[in-house]
Amino acid sequence: MCGIVGLFLKDSRLEPQLGQLLSDMLITMTDRGPDSAGIAIYGPATDGRAKVTIQSAKPAVDFADLERDLAEAGLPARVAIKSTHAIISVAAARLADVRSVLASIRPDVRVMGSGDSVEIYKEIGLPKDVVARFDARSMSGTHGIGHTRMATESAVTTLGAHPFSTGSDQCLVHNGSLSNHNNLRRELIREGMAFETQNDSEVAAAYLTAEMAKGKNLGEALTTALDDLDGFFTFVVGTKSGFGVVRDPIACKPAVMAETDQYVAFGSEYRALVNLPGIEDARVWEPEPATVYFWDHEKAA
Amino acid sequence: MDASVKRESLEAMRVFDLASTPLRELNSALHAIAPGTNDTNFEVVNPRGSHAVAVGIDQPVTVNVRGSVGYYCAGMNDGGTVTVHGSAGPGVAENMMSGTVVIEGDASQYAGATGRGGLLVIKGNAASRCGISMKGIDIVVHGSIGHMSAFMGQSGHLVVLGDAGDALGDSLYEAKLFVRGSVKSLGADCIEKEMRPEHLKKLAELLDRAGVKNVRPEEFKRYGSARKLYNFNIDNADAY
């Protein structure tokens, strides 16, 4: 089943409430999937800095003295620990070095995602516990997506939780199941993409990353996804400034959207949207099958 | 209505606020109504997208739901009159037996699925699979419907004032489909059929019961089964 949510703010006055609003939306969707939950939030970016979200099964060991060890390895960084996750902030020019340095000094640490603004938190457990563990309610930002999982395609693990991030400031949540993911994964590996799991949704994320690397914008990549991905899907996707939604042509996975002057919101069910400000007067609709919806802060500006 | 009568009718009405009352209390109260009871007027406030609101009604009660509902609202309705003053999630009035269900807003996928009787009126649009496997229900949609609607429809009527999506009436049996706007595509074995006087008469009756004004039955086209898929025929293998 799975429950997915997304919130893209148009009104910057709501930004301090993004984590709170998105957390409540996700918790409302708990009974669509109890296995794992995750949230990605596009927070404030700092000029010249980039950040990497990492996760560890042994945070007390892996995160101890991490800042010092990174500096000793020649990578000055700031480390902010949140439970099993930590955000490593580095000079933007050094972002590409983080993975290789971590591989040598902290080989067990997993990279959840990276970019100028995105932070990704996901763990096994219910949305309310995951949200509390990472204090997601206190986070501010411009847009975010969330997922609560009922596993079908691969194991219930932290890495198998959504959102999946396969490119800088990109992430995806998926409700459904793909049927051509093994073949597509092989093709994407040949193109140079790396995979962390056997999960079908990670393939969808990597597909979009690969297509956008070829010069497509998010909307264009979602359009070709309709031809190249086979199976059931409702995707909600975030990029640094964009937010997209697409459903497969059969469209059996539920989706409801709401738009006001202040935001665009997505929920697997209307229940997820009922606490949003001004929902009574929002335009509420079910996204059409095989139709790409996307919004971009840079285009709007 | 004078003030005293109005007060009396208000007192007879039972209000369930789903923000403070569990859904099961509403549905239990609906199921506990004995035949012949006068206390049959229900108001549901703050549904907030709840699932299974007012399912399993088997008495001629009137239920007004003030807001939008989630999955399976008014499912299995047998004789009740349920009005949703908002939109409905998937499977509204699924397997209705008799009675009337009115959705003032839009309905999500498989509205009226497998319905055996009664009238479902959707004043907005309905999404995909509207009336899938309908078995006697009448459905009137003031707006448009999505793809695969009336798939395997066996009997009953589907009336659409707007447009129909892809594969209308795929693998249709004897449900009768009336569409006023365009049909994106017809499903396997569904064809346009002649509108005869008895169809115009039935359509006029359904439009009237669904509160449709200023629309003439002559504006619709009728679609039905070509009856080529009833039995397996090797020449039709490509259509399966």
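View 1. The cut-offs here: buried takes 20 or more other C-beta atoms within 10 Å of a residue's own, exposed takes 12 or fewer, partly exposed is in between, and C-beta atoms are placed from the backbone. Look for B:Ala150 in the loop between strand S7 (135-141) and strand S8 (155-160) of chain B. Strands (E, at least two residues) and helices (H or I, at least four) are DSSP runs, numbered from the N terminus. One caveat before going on: this is a predicted model, so local features need pLDDT of at least 70 and side-chain atom pairs count only at pLDDT 80 or more, while totals for chains, interfaces and linings use all residues. Residues are numbered from 1 along each chain as its sequence is written, and chains are lettered from A and ligands numbered from 1 in the order in which they are written.

**View 2. B:Thr114, another loop residue with positive phi**. Phi of B:Thr114 sits near 60°, and B:Thr114 is no glycine either. For background, most residues other than glycine have a negative phi, and most peptide bonds are trans. The loop holding B:Thr114 runs between strand S5 (98-103) and strand S6 (119-122) of chain B. B:Thr114 has 22 other C-beta atoms within 10 Å, so B:Thr114 is buried.

**View 3. Chain B as a whole**. Chain B comes to three helices and 11 strands, and along the sequence they go α-β-α-β-β-β-β-β-β-β-β-β-α-β. The C-alpha trace spans about 65 × 35 × 30 Å along its principal axes. Of the 240 residues in chain B, 48% are buried. Take the contacts in chain B between residues at least 6 apart in sequence: 24% of them join residues at least 24 apart. A contact means C-beta atoms, placed from the backbone, within 7 Å of each other.

**View 4. Where chain B meets chain A**. Chain B puts 11 residues into the contact and chain A puts in nine. On the chain B side, those residues split into two nonpolar, eight polar and one charged. The bookkeeping: Ala, Val, Leu, Ile, Met, Phe, Trp, Tyr, Cys and Pro are nonpolar, Asp, Glu, Lys and Arg are charged, and the others, Gly among them, are polar.

**View 5. The two domains of chain A**. Domain 1 covers 3-44 + 124-300 and domain 2 covers 48-116 of chain A, with bounds from an automatic or database domain assignment. Their centres, taken over C-alpha atoms, are 25 Å apart. In chain A, 10 residues of domain 1 are in contact with 10 residues of domain 2. The domain 1 side of that contact divides into three nonpolar, three polar and four charged residues.

**View 6. The five-stranded sheet of chain A, with a helix on it**. This open, antiparallel sheet has the order S9-S10-S11-S12-S16 in chain A; strands pair if DSSP finds at least two bridges between them. Strand S9 (164-167) and strand S16 (293-296) are the edges, each pairing on one side only. On average, neighbouring strands are turned by 20° against each other, direction ignored. Helix H7 (residues 200-213) of chain A packs on the sheet and touches S9, S10 and S11, its direction making about 135° with that of S10(A). Those angles run from 0 to 180 degrees between N-to-C directions of lines fitted to C-alpha atoms, for helices over the stretch in contact. S10 (170-178) and S11 (231-238) of chain A pair over eight bridges, and A:Val173 has A:Val236 in S11(A) as its bridge partner.

**View 7. A cis peptide bond in chain A**. The bond from A:His162 to A:Pro163 is cis, with omega near -5°. A:Pro163 is in the loop between strand S8 (143-149) and S9 of chain A.

**View 8. A:Arg110 in strand S6 of chain A**. The open sheet here has the order S4-S5-S3-S6, antiparallel. A:Arg110 is partly exposed, with 17 other C-beta atoms within 10 Å. Among the residues A:Arg110 touches are A:Ile54 and A:Leu159.

Methods:
Two residues are in contact if their C-beta atoms, placed from the backbone, lie within 7 Å. Lists of a residue's contacts leave out its neighbours within four places in sequence.
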